[in-house]
Structures are given as structure tokens and as C-alpha cells.
Amino acid sequence: MEFLHAQLAIVQKQLAFVATDSYDWKTYVQACSWTVCLFESYLLLRQFPLYSKTAPPPALAEHFAPDVFQKSQVYGRDKAKFALFSGLYKQTIDSLLLHIGFYAWAWKVAGSIIRKLGYSEEYEITQSIAFVVVMVLISTIPSIPLSVYQTFVLEERHGFNKTTPALFITDLLKGWAVGFAIGAPFLAAFLYVFKWAGDRFIPWLMGFLLSFQIIMVIVYPTIIQPLFNKLSPLADGELRTRIESLASKLKFPLKHLYEIDGSKRSSHSNAYFFGLPWSKHIVIFDTLIKESKPEEVEAVLAHELGHWYYMHPTKLLLASQLHIFTILALFPAFMHAPPFLRSFDFPKQVAAQPPTIIAFLLFQMILMPLEAVVGIIMNAASRHYEYQADNFACLLQDKLKAEEMSDMSDRLGRALVQLHVKNLSTVWVDWLYSAYHHSHPTLTERLKALEAFKSAANKKAQ
Ligand SMILES: [Zn+2]
């Protein structure tokens, strides 16, 4: 531990200038956020001409009826137009808020709110919670019309929307209530760890964040998800038998097998698993069950179990711990830095003793370029894992000595095509757009890889 703190002290020394020198951090953040936003707009513009293509890629030609392909192109174009507009709109608002000193204003408002409630400004944690509430409420209001448009115009026009206005409003309110019920105690504990551990907060805070993530793994599906969706045990039948037998052959600790009413809001469909290492739950969307044959859903689950077998969620969790550690290791230099807060319009008396929440929020904005790079790397890792999980499904015939699984690659391929066709997903994707945005390989890439996995697996099985 001493070694760790000595190394961290060296990093802090390199960054000591933040606490003493004045820089125009605000302009830096404006420049970074506009760069990211314009780059994302550029990616959309690269993607745009692909929506004018009149035929799918040759590998997919047999799966797409011409009118379905045409529909997916129109849907893709509509979504891209919407993404272009909403990206620029949100960035303009964020940029304006930053320009007028919104964060300093929200901190002041939070101060007067807690004074009305009878707390003095010494209650930094209470004021921080009020600050986040003010900030979240005010900054999400401008994006509500966007989600209304997306749900009731865009998705509706293409036949995906199942959300009623009443459901939309209750979802929004429930989302805020759940956010507050979890967010407020989380924030209080987060800030308390800083206060309590002083300069040596890193190991404590990492321990706290990790426990929080683990608690959420338990709480989310059992308490939060049921607030929004209904999970019911999957009915007995061929599908249930197939999945249970697959899970037991792979020694997957399956505790519950659920069907979720995803179709309540949207007809996009999928499947996933979650839980602790010794007790896992599988959830399948009712839409997937309706649209695919049991043996195809089984292949989708074989893919999902591949993620489990190769411990992808654990690896991603470790990567996120490394990411958090890097952020926390850089943070102390920005924690007690009056000129840093001054450059974001905070008054002298606030900047003199920076509230931790403010310093952390502004520090997050400074990290924007780093976060963009991390996002690209994480997407690349995730795409790699998708291929691995697809390959896992193909290797099952050999691994389980199960002749009947020799067509796993075809079944998975059919299910993927089916999902793609039903969701009207885009089939022509620009490589740079895909590298930046996609956590999954494109359908064409996956089908091509599945072919290769299949022939390799068949050779192995012979
Ligand atoms: Zn996957």
C-alpha cells in the first residue's frame, strides 16, 4: 500500500500546476466537446450515403425480401437524421449551459434550497445532493421532446413503438424516483469516503465502488427491473428443456429462467443472463421466443453462455476497475485547485475550498478525450468477445460430443438474421462509424465469421 501511495504521489507532483496556475479550462472543455460532437456528426454523414443503396450485401441477399430491405434502409436513414439533429441539439444546449456558468449557478441554488430546509452550507454532502438534483432536472428537460419524438414519431412510424403516453410518463417519473432513491445514498456514501479517508481515498473508494457494482447486480434484476418489466418463469416446453439441458451440460449454475415482456415497450428483441458466480438467471425476450424456433433461441443462448464460459463479464468488470483506478489516480490534483473552479465561473469563496462533487464533475469534463479513446478500446474488446462467443456456440458439438449440435452455426446465423430483419437493423455500415459506435460486429461480419468457425469446428469434430 505504501508503494502505491508513493507512486500516486509522483503522479500528483507532475500535475501540481493545476492547483497553482490559471488555465482557460472552460474553453478547453468547449473545444473538446465540440470536437467529439462534430466528429460524431461526421461519422453519421459518412454513414448517410449507404442508406441509398438499393440492395443488401451479397451475403445477405437471400435473407432480405426487397421490400424489407427497403424498409430497413428508410428506418436507418430516419434514425441517422434524428441522431444528427439530437447530437447537435444536445451539444448546443450543454455548450450554452457551460458558457453561462450553469454549474456555479446550480451550486448556489442548491445552497439556498438546503438553507430553506434548515441546513447551513457546512453540510457539503446535503448541498451536493441538492446540486445534482437541480442539475439533472434542468439538464434533462431539454431532451424530453427528443425522447417523445423518438418514441412516438420515429419508432412509431416504423412500427416498433408499443409505449403508450401514460407508460412513457410513468417510466420517466419512475426513472427519476429510482435514480434518486439509489443515487442520493450512493452520492452521500461516495462523498463520505473522500471525507473520511482523506488523501488516501483511492483503495477505499475503489472498494466502495466495487461493492456497489456487486450490490447492483443483485438489486437491479430483483428490485428495479420488475418496476419496469414483468419477468415470468419460462413456460415448460421444448425451449425450456433445451436450455436447461444445455446449461446443465455446461455446468452453468442456472437458478431461474425467465421470459420478459420486452414487447410492452418495443418489439426489438434479445436475451441475456445475469447474477452472481454461483447463481445465474437467464432472461429471454418474449419477442425472440415468438419470432424464432426453439432450436434457434437455443443457439442464441449458446452464444450467451459463451460469454459466461470465457468470463467476459468478469473481464469487462476488471477493465472497468482499471479505468476507475486511472481516473481516481489523476483526480487529487484537481481536488484542491481554486484556479480550476474559477475558470468555470465559481465565486472565490466556493473555489477557495472546492466542494468534492464540483471538482469531480469538472474533472470528468476534462477527461472527455481520454473517455472517447477508452470507449473505442472497450468497443473493440466487446466485438472480439462477440466473435469468441459465436465460436463457442460452434464448438459445442465437439465440446459436448453432441452430434445434434453440429448445425449450431446455421441456427445461430438464422436467429441473427431473423433478429436483424425484424429489427430492421442497418446492414450497410461504414467501417469508421462501426469502430467508434458498435459493441457488436455487423451482421455480414458475423455471418462470415460463423462460416469460418463452422468449417473449423467440423474439421475438429471429424
Ligand atoms: Zn454477445
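What share of the 462 residues in the chain is buried? Buried residues make up 24%. A residue counts as buried if 20 or more other C-beta atoms, placed from the backbone, lie within 10 Å of its own; it is exposed with 12 or fewer, and partly exposed in between.

This is a predicted model: local features need pLDDT of at least 70, side-chain atom pairs count only at pLDDT 80 or more, and totals for chains, interfaces and linings use all residues. Residues are numbered from 1 along each chain as its sequence is written.

View 1. Helices (H or I, at least four residues) and strands (E, at least two) are DSSP runs, numbered from the N terminus. Along its principal axes, the C-alpha trace spans about 75 × 50 × 45 Å.

**View 2. Four strands build an open, mixed sheet in the order β1-β2-β4-β3.** The edge strands, β1 (231-233) and β3 (271-276), each pair on one side only. Strands pair if DSSP finds at least two bridges between them. On average, neighbouring strands are turned by 30° against each other, direction ignored. Axes are lines fitted to C-alpha atoms, for helices over the stretch in contact; angles run from 0 to 180 degrees between N-to-C directions.

**View 3. Strand β2 (residues 254-260) has pairings of both senses.** With β4 (residues 279-285), β2 is parallel over six bridges. Isoleucine 260 has phenylalanine 285 of β4 as its bridge partner. Tyrosine 258 stands opposite valine 283 in β4. With β1, the pairing is antiparallel over three bridges. There, serine 232 has glutamate 259 of β2 as its bridge partner.

**View 4. Helix α9 (residues 201-228) lies across β1, β3 and β4.** Its direction runs at about 125° to β3. Helix α12 (residues 294-309) also packs on the sheet and touches β3 and β4. Contact needs C-beta atoms, placed from the backbone, within 7 Å.

**View 5. Helices α9 and α13 (residues 312-330) pack at about 145°.** Their axes are 10 Å apart. Among the residues that meet are Leu205 and Leu209 in α9, and Ile324 and Phe325 in α13. The contact has nine nonpolar, one polar and no charged residues. Nonpolar means Ala, Val, Leu, Ile, Met, Phe, Trp, Tyr, Cys and Pro; charged means Asp, Glu, Lys and Arg; the others, Gly among them, are polar.

Definitions and conventions: Contact = placed C-beta atoms within 7 Å.
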